[in-house]
Amino acid sequence: MIQLTDVSLSFGGTPIFRDLSWTITPDGHRIGLIGPNGAGKTTLLKVISGDLLPNEGRVETGKTSVGYLEQDIQELPPERSVREEAVRAFDDVLELERKEEQITAELAETTDYESEEYEKLLDRLQRVQEALNAREAHRIRSQTDATLTGLGFDPDDLDRPIRTFSGGWRMRVALAKLLLQRPDILLLDEPTNHLDIDSIDWLEGYLKNYPGSVIIVSHDRYFLDRMVNQTAELTRGQIDLYDGNYSYYLEAREERREQWRNAYENQQRRIKEIEDFIAKFRYNASKASQVQSRVKKLEKMDRIPEPPSEETTISFRFPEPRRSGAIVLDVTSFSKTYESEEGPVDVFDDAGPLSIERGDKIALVGPNGAGKSTLARILDGSEIFEGERSLGHNVDMSFFAQHQADELESGQTVLDAVRSVSPGTPETELRTLLGTFLFRGDDVFKDVSVLSGGERSRVALARTLLSPANFLILDEPTNHLDIQSKQVLIEALQQYGGTFVIVSHDRHFLDEVVEKVWRVGNGDVREFLGNYSDYRWQVEEGSAAQLADAQSSGSSAEAKSSSSSRSNGRRTNGKNESSKTASDDPLSGLNSYQIKKKLEETEAEILEKEEKQEEIEDKMADPAAYDENGQARELSRAYNALKQDLATLYDQWEALTDRVMAMDE
């Protein structure tokens with residue numbers, strides 16, 4: 001158990017915690033530690049772990065072991081391999097193995113098997129081997145490999161030196177090592193920041209079965225909702241506990257705040273009544289005893305503190321883009337190969353073709369290294385590949401990627417950097433947008449040269465969003481944003497009248513804004529209709545479940561043949577190569593008159609649905625459609641359903657036309 005008692009901490013005279021008390025038990029709790037940026041969440045984790053001492057109060061851990069994953073990239077031995085570093089989680093076992101080797105070597109050198117020394121060595125060896133069996137030493141390397149591969153490492157990469165990996169992958173090594181140590185209480189500061197969606201899914205499964213307690217700081221709402229059963233809000237230097245996940249916390253907090261406001265307002269009214277009585281009769285001798293009684297009552301009253309003020313609602317709307325053509329972008333079948341130290345790496349192998357239509361809202365998902373960012377650059381036109389890319393009529397494109405943060409000009413303030421891309425926007429609107437991305441007050445006057453990498457990325461994103469483009473490509477736009485900032489971006493994208501493609505591992509964000517998912521992996525791209533949760537259901541429960549099996553087996557060929565229908569994760573060219581027998585032919589048995597009649601009916605139905613499609617397109621082009629809650633999504637769903645119906649009718653019309661032409665020959 002960890003006990004924090006009356007903990008207070010200040011930095012530069014600014015109080016972070018004031019008499020904070022909290023009891024944390026290692027009995028399987030999953031606690032989400034939340035609060036606004038700057039509230040001190042990371043600082044509190046450091047106090048709990050012992051890395052930071054409070055100014056006042058006590059932190060008692062007893063024999064409880066604590067493991068802490070810091071948010072910042074940690075220094076790891078650069079020449080040590082990934083596997084060697086992770087297996088050091090079992091240092092006690094490795095030390096026992098070294099002792100076993102040493103004793104075994106000494107036994108081999110002893111020739112007098114009857115000596116007392118030999119007996120002592122045998123006794124020592126037995127005790128060491130019993131300890132190794134108790135620690136299940138035979139399993140530590142398989143556990144290490146399973147954890148590393150679960151976090152996204154390829155088995156062939158486990159013997160590569162750490163120096164050859166990026167900071168994000170090094171963080172995964174540190175996380176794997178910490179998970180393998182299995183401390184009683186696990187402190188995780190933004191554990192999903194450097195993980196792809198598949199690795200986050202694995203981590204969720206791992207933590208659900210973790211025997212100790214876990215405290216999580218995260219801006220990933222989906223992760224918090226799925227993982228935590230208790231929420232600890234750090235506000236005004238104190239911890240408020242809620243029994244439930246993040247969504248429950250939002251509802252319960254509002255109820256609790258409402259009760260707090262009512263109690264505070266009632267007490268304030270009572271205080272005013274008493275003060276008015278005292279002021280009115282202070283000099284009235286006949287009321288002196290009553291006045292004194294009320295004065296004492298005020299002195300003894302436990303004052304209810306004023307509840308936090310309502311959070312300021314910040315909103316942002318994209319500049320109104322011009323209407324693009326119906327086809328925004330086409331890419332033919334394409335391939336992409338990178339050269340590496342080990343030889344050529346095929347990222348895409350005859351993938352596609354791809355087509356993006358006006359109003360499409362597409363998510364690119366898949367494991368790290370599968371090619372999501374490469375595909376985003378191919379769509380943008382900034383990546384060379386084998387194939388052809390064709391941009392549609394009146395398409396104005398804007399592309400956001402993390403590297404754009406490096407292109408900001410030193411000498412500019414944050415405000416100057418966004419003003420330069422939208423000089424006609426009033427300063428108040430620019431500052432509101434920057435406030436959305438956590439630049440508040442005088443932060444907007446900072447020189448971009450002194451900003452951190454995350455801050456520069458937020459400035460670059462703000463610049464992208466101010467562009468009046470009708471086609472956005474956003475590569476990890478939610479990195480470095482807190483939950484409130486993500487919500488502002490969600491609402492802006494829901495109202496956006498253009499087309500967008502988003503690379504993101506934030507599943508709540510994707511659920512709220514996208515209507516198609518392109519799964520990138522095994523050199524291919526597969527399309528699923530719906531948001532991220534719809535995609536997950538199709539792969540886990542629906543008829544596309546075999547796709548997951550194919551991908552987990554690492555077989556590109558199996559993955560490419562695992563599904564043929566559009567809604568079941570088809571290849572994006574939509575071709576169904578399965579042959580049909582004569583008995584499957586719906587036209588068999590029809591005479592020439594019936595076939596021609598069927599053709600006329602099909603043509604009429606196509607015309608009717610095309611007219612409906614044009615009506616929906618006109619509605620979707622009207623900005624007012626995005627002001628009404630949910631209408632834009634319903635329009636998009638109706639539009640996609642019509643497209644599917646028309647695709648079926650076009651195939652039917654083609655078959656009927658071929659049959660009529662054959663009869664006329």
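## Exercises on a predicted model

Buried residues, meaning those under 20% relative accessible area with a 1.4 Å probe and protein chains only (exposed is over 50%, partly exposed in between), make up 46% of the 665 residues in the protein. The model is predicted, so local features need pLDDT of at least 70 and side-chain atom pairs count only at pLDDT 80 or more, while totals for chains, interfaces and linings use all residues. Residues are numbered from 1 along each chain as its sequence is written, and side-chain values use heavy atoms, with hydrogens and water left out.

**Exercise 1.** Describe the secondary structure of the protein, and then that of residues 250–277.

*Solution.* Begin with the elements, which are DSSP runs numbered from the N terminus, helices (H or I) having at least four residues and strands (E) at least two. The protein comes to 21 helices and 20 strands. Next, turn to the UniProt record, an unreviewed entry, which lists residues 96–138 and 250–277 under "coiled-coil region"; such annotations may be inferred rather than shown by experiment. Over residues 250–277, the chain in this model is 100% helix and 0% strand, and its end C-alpha atoms are 41 Å apart.

**Exercise 2.** Find which residues of the largest nonpolar core touch the most other members, and follow the contacts of leucine 175.

*Solution.* A nonpolar core is a set of buried Ala, Val, Leu, Ile, Met, Phe, Trp, Tyr and Cys residues joined through side-chain atoms within 4.5 Å. The largest one has 54 residues, of which Phe153, Leu175, Leu186, Leu188 and Leu207 touch the most other members. Helix H6 supplies the largest share of this core, with nine residues. Contact means heavy atoms within 4.5 Å, and, leaving aside neighbours within four places in sequence, leucine 175 is in contact with Leu69, Leu151, Leu188, Pro191, Leu195 and Leu203. A second, separate core of 47 residues includes Phe437, Leu510, Phe528 and Tyr532.

**Exercise 3.** Characterise the linings of the largest cavity and of the second largest cavity.

*Solution.* On a 1 Å grid over the protein atoms alone, a cavity is a set of points where a 1.4 Å probe fits but cannot get out, and lining residues have an atom within 4 Å of a point. The structure holds three cavities of 30 Å³ or more, where a volume is the space filled by probe spheres set on the grid points, which are joined across faces, edges and corners. The largest has about 60 Å³ of space, and helix H15 (483–495) gives the most to its lining, with four residues.

**Exercise 4.** Decide whether glutamate 388 is buried or exposed, and find what it touches.

*Solution.* Glutamate 388 lies in the loop between helix H11 (372–380) and strand E15 (389–391). Its relative accessible area is 54%, so glutamate 388 is exposed. Not counting residues up to four places away in sequence, glutamate 388 touches Asp330, Val331 and Thr332.

How values were computed
On a 1 Å grid over the protein atoms alone, a cavity is a set of points where a 1.4 Å probe fits but cannot get out, and a pocket is an open set with protein on both sides within 12 Å along at least five of seven lines; lining residues have an atom within 4 Å of a point.
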